[in-house]
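Subject: Structure handover

Hello,

Here is the structure I promised. Please open it beside this note; my findings follow.

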Amino acid sequence: MLNKKIILCGFMASGKTTVGRELAKEINTHYIDTDELLIETYEMDIPTIFTKYGEDYFRDLEHEIAIKVSEMPAGVISTGGGMLTFDRNGEVLKKGGTIICLVRDFDKIYEDLLSDTNRPLARDKSKEELKQMYDMRILKYQKYADYTVENNGSIEDCVKKIISIIDVN
């Protein structure tokens with residue numbers, strides 16, 4: 001049984017939720033998605049929070065969630081794409097567990113984002129603007145990540161890579 005937290009970070013559509021769920025199942029621990037926890041806690045979806053209250057308000061709620069998950073027992077946690085771009089969240093989560101940054105080819109990410117209407121920060125951006133955001137955010141994730149894992153193959157391959165890195169005993 002896992003006796004620590006494994007925290008996944010990465011850009012939008014890098015596979016944090018899918019890989020996180022599968023990893024938790026594989027190592028028999030619980031799974032938390034910070035975006036889902038935020039929606040559940042504040043009873044509002046993310047696009048609505050952005051529209052009604054703005055990004056700054058959302059980021060404050062997100063920080064509250066970072067604190068909440070850092071105090072939770074062991075498990076697998078997927079963070080929202082912007083969570084670790086803020087030092088206050090990175091510092092809180094770094095104390096709380098092992099951070100793994102998932103990286104994926106930008107073109108694959110972009111293809112997935114084209115069909116996803118649930119990402120307010122990606123909605124009205126060109127491919128070039130998203131690539132610029134991707135490049136900037138990767139540097140922020142790397143600042144806090146203990147490990148970086150490529151997620152360009154199957155979900156199973158990515159999960160195996162993570163398991164080979166972490167000590168699950």
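Ala-13 sits in the loop between β1 and α1 (16-26). Helices (H or I, at least four residues) and strands (E, at least two) are DSSP runs, numbered from the N terminus. Phi of Ala-13 is near 65 degrees, a positive value in a residue other than glycine. Ala-13 is buried, at 13% relative accessible area. Buried means under 20% relative accessible area, exposed over 50%, and partly exposed in between (1.4 Å probe, protein chains only).

Asn-28 also has a positive phi, near 60 degrees, and is not glycine. Its loop runs between α1 and β2 (31-33). Asn-28 counts as exposed, at 57% relative accessibility.

A note on the source: this is a predicted model, in which local features need pLDDT of at least 70 and side-chain atom pairs count only at pLDDT 80 or more, while totals for chains, interfaces and linings use all residues. Residues are numbered from 1 along each chain as its sequence is written, and side-chain values use heavy atoms, with hydrogens and water left out.

Now the cores. A nonpolar core is a set of buried Ala, Val, Leu, Ile, Met, Phe, Trp, Tyr and Cys residues joined through side-chain atoms within 4.5 Å. The largest has 36 residues; Phe-11, Leu-84, Leu-93, Ile-99 and Leu-113 touch the most other members. Elements that each supply at least two residues include β1 (5-9), α4 (55-70), β4 (98-103) and α6. α7 gives the most, with six residues. Apart from this core lies another, of 15 residues, among them Ala-24, Cys-158, Val-159 and Ile-162.

Next, helix packing. α4 and α5 (residues 87-96) pack at about 10 degrees, with axes 9 Å apart. Axes are lines fitted to C-alpha atoms, for helices over the stretch in contact, and angles run from 0 to 180 degrees between N-to-C directions. The two helices are therefore roughly parallel. Angles under 35 degrees count as roughly parallel, over 145 as roughly antiparallel, 65 to 115 as roughly perpendicular and the rest as oblique.

α6 (residues 106-114) and α7 (residues 127-144) pack at about 125 degrees, with axes 11 Å apart. They are therefore oblique to each other. Phe-106, Asp-107, Ile-109, Tyr-110 and Leu-113 in α6 meet Lys-127, Leu-130, Lys-131 and Tyr-134 in α7. Contact here means heavy atoms within 4.5 Å.

Best wishes
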